[in-house]
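Keep the 3D view open as you read.

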Amino acid sequence: MPKSNKKWLTAILALLVISGLAAYGISHWQTGGHIAKVYLNDKVIRSIDLDKVKKAYTFRVDGPDGHYNIIEVSPGAIRIKEANCPDQICVNQGAISNGVEPIVCLPHRLMIKIDDRLVDEDRHDHTAHDHAHHKDRDHGDSAGHDHHDDSQAAQKVPAIDSVTK
């Protein structure tokens with residue numbers, strides 16, 4: 001290979017490596033964190049700082065007419081684990097970990113969206129706490145996941161999430 005072609009190849013490879021490192025740095029050094037906001041009927045019912053989650057847990061959001069969604073929160077990600085909607089699109093979407101695409105359950109008017117800005121402190125879910133003692137008697141499963149009943153949260157947004165007490 002001629003010497004001039006090697007110089008061009010080296011320059012192109014160096015440019016690709018630098019741009020790759022820059023893209024990685026931008027995506028991982030965001031200032032506001034990854035805040036998952038759970039909306040029911042266009043109102044925020046819970047905000048969760050996904051960067052502070054140490055242990056996976058689940059909670060339940062009850063809507064009108066017996067509708068429910070069970071949401072699983074894990075370090076850096078959130079998903080709808082179970083829902084009684086007919087199409088299951090929200091469940092099949094899987095987990096999200098960035099603000100690119102929200103999870104939407106249209107039949108239940110529930111949306112989960114990740115916002116990279118600061119947490120709304122009065123609705124912050126302090127996920128660093130151990131949630132094992134909050135077992136929901138009706139929806140516990142053999143895998144040890146905790147389910148939290150959010151029927152009150154769906155009707156009224158609490159000042160501090162019940163999981164933090």
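Start with tyrosine 57 and phenylalanine 59: both are buried, where buried means under 20% relative accessible area, exposed means over 50%, and partly exposed is in between (1.4 Å probe, protein chains only). A quick note on what you're looking at: this is a predicted model, in which local features need pLDDT of at least 70 and side-chain atom pairs count only at pLDDT 80 or more, while totals for chains, interfaces and linings use all residues. Residues are numbered from 1 along each chain as its sequence is written, and side-chain values use heavy atoms, with hydrogens and water left out.

Back to the rings. A search of the whole structure turns up one aromatic pair, a pair being rings of Phe, Tyr and Trp (its six-membered ring) with centres within 6.5 Å; planes under 30 degrees apart count as stacked, over 60 as edge-to-face and the rest as tilted. The ring centres of tyrosine 57 and phenylalanine 59 are 6.4 Å apart and the planes are at 35 degrees, so this pair counts as tilted. Phenylalanine 59 also has arginine 46 over its face, at 3.8 Å from the ring centre. For a charge to sit over a ring, NZ of Lys or CZ of Arg has to be within 6 Å of the ring centre and within 35 degrees of the ring normal.

The structure holds four salt bridges. In another of them, lysine 37 meets aspartate 115 at 3.8 Å, N to O. This one links distant parts of the chain, with lysine 37 in strand S1 (residues 35-40) and aspartate 115 in strand S7 (residues 110-115), 78 residues apart; helices (H or I, at least four residues) and strands (E, at least two) are DSSP runs, numbered from the N terminus. Lysine 37 is buried at 15%, and aspartate 115 is buried at 13%.

Now for aspartate 42 and arginine 109, whose side chains meet in a salt bridge at 3.3 Å, N to O. Aspartate 42 lies in the loop between S1 and strand S2 (43-49) and arginine 109 in the loop between strand S6 (103-105) and S7, so the bridge ties together parts 67 residues apart in sequence. Here aspartate 42 is exposed at 67%, and arginine 109 is partly exposed at 47%.

Next, find asparagine 69 in strand S4 (residues 68-74). Asparagine 69 is buried, with a relative accessible area of 2%. Its side chain makes a polar contact with the side chain of histidine 108 at 2.9 Å. A polar contact is a pair of N or O atoms within 3.5 Å; within protein, one must be able to donate a hydrogen and the other to accept it, and residues adjacent in sequence count only if both atoms are side-chain atoms.

Finish in the largest nonpolar core, where Ile71, Ile78 and Ile80 touch the most other members among its 24 residues. Such a core is a set of buried Ala, Val, Leu, Ile, Met, Phe, Trp, Tyr and Cys residues joined through side-chain atoms within 4.5 Å.
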